[in-house]
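Me: I have a structure open and want to learn to read it. Can you take me through some features?

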Amino acid sequence: MKRIAVITGASSGLGEEFTRQVCANYDYDEIWIIARREDKLRTLADNLNATKNFTTVHPVVLDVAGKEGVERFKKLLESEDEKLRKVESGIEIGLLINNAGFGTYGPFAETSINRQMDMIELNCTTVTGICGVALPYLKKDSVIINTASLAAFLPLGNFAVYGATKAYVLNFSVALAAELHDKGIKVCALCPGSVSTEFANVASNGARPEVKGGIPPKKVVAQCLKRAFKNKRISMLLFKWRITAFMSRFVSGYIGARYTYLYNKRPHNPDADMIKKAEEISVSDFI
């Protein structure tokens, strides 16, 4: 049986770092790295495979967003398993890292509703679906890591939908860990604060090129992998992140959201459909 690791959102940031560390420190027959950006995936795979005597990292160019993306991933698993069963015993997923996702900065009324719904599809639907279709291929001691966020612990103004999606990922992961405990399958939610990735540039639509106060992802990923394999349900590297998560228990959700809405502004450029909406409103003023 071929043991594989699967990493989504692997073309940059935390996903890229997960790929590097899994390749360097963990023993799998294959590592499937999944994302939409083919050039980045192939460059990463080529660089890592050059350090081995055989091809370990396999780039898979695939859009896993939403129900359609989950179905594409399911067909990939079924196809590879069927091919392998002709000569071996199929595939086993030893490590599944659901890292694909994104955020948006700004008040809900000022951000693209299409973008927000796309975020729910990727951050929630995809994570749920991939866990579901991967489950038949998971065995005792398999590990699932779902990337959540420190934003999961309290409703946040100017970050409303993103925080809600990550609260879902955190709660889903903890519940899944409880359900899979008797099967010996481990589930860990990664809940980082600010990490130096492309996140802020995407979330702000180019208004904030880098995450404010972000730390390099290397230690965040290393601790997460270590805790996940030790069957810990949540990973937060920094003490201040753990304190923030703990103190959120004593703060009203509304007060937290209101405070961050008023005092934690997040720079953002309007999305294309918001610009179009503004133009339509402006034109209507003269009709």
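Predicted model: local features only at pLDDT ≥ 70, side-chain atom pairs only at ≥ 80, totals over all residues.

Me: How many residues does helix 2 have, and what length does it reach?

Reply: Helix 2 covers residues 38-49, twelve residues. From first C-alpha to last it reaches 16 Å, close to the 16 Å expected at 1.5 Å a residue.

Me: Which residues of helix 2 are buried?

Reply: Start with the general idea. An α-helix has 3.6 residues a turn, so residues three or four places apart point the same way. Now the case here. L41, L44, A45, L48 and N49 are buried in helix 2. Seen down the helix axis, these buried residues fall within an arc of 120°, so they line one face.

Me: Which exposed residues does the face turned away from the buried side carry?

Reply: That face of helix 2 carries D39 and D46.

Me: What covers the buried residues of helix 2?

Reply: The cover includes helix 1 (13-25), strand 2 (30-35) and strand 3 (57-61).

Me: Now strand 6. Are its residues buried or exposed?

Reply: Buried means under 20% relative accessible area. Five of the five residues of strand 6 (186-190) are buried, so the rest of the structure largely encloses this strand. K186, C188 and L190 point one way, V187 and A189 the other.

Me: Which strands are joined to strand 6?

Reply: Strand 5 (138-147) runs parallel to strand 6, joined by five bridges. There, I144 stands opposite V187. Strand 7 (234-235) is also parallel to strand 6, with two bridges. A189 has I234 as its bridge partner in strand 7.

Me: What do strand 5, helix 5 and strand 6 make?

Reply: A right-handed β-α-β unit, with helix 5 spanning residues 160-180.

Terms used
Residues numbered from 1 in each chain as written. Heavy atoms only, no water. Buried < 20%, exposed > 50% of the residue type's maximum accessible area, 1.4 Å probe, protein only. Helix = DSSP H or I, 4+ residues; strand = E, 2+ residues; numbered from the N terminus. Pairing = 2+ DSSP bridges. Right-handed = clockwise from strand over helix to strand, strands pointing away. Expected span 1.5 Å × (residues − 1). Arc of directions from axis to C-beta. Contact = heavy atoms within 4.5 Å.
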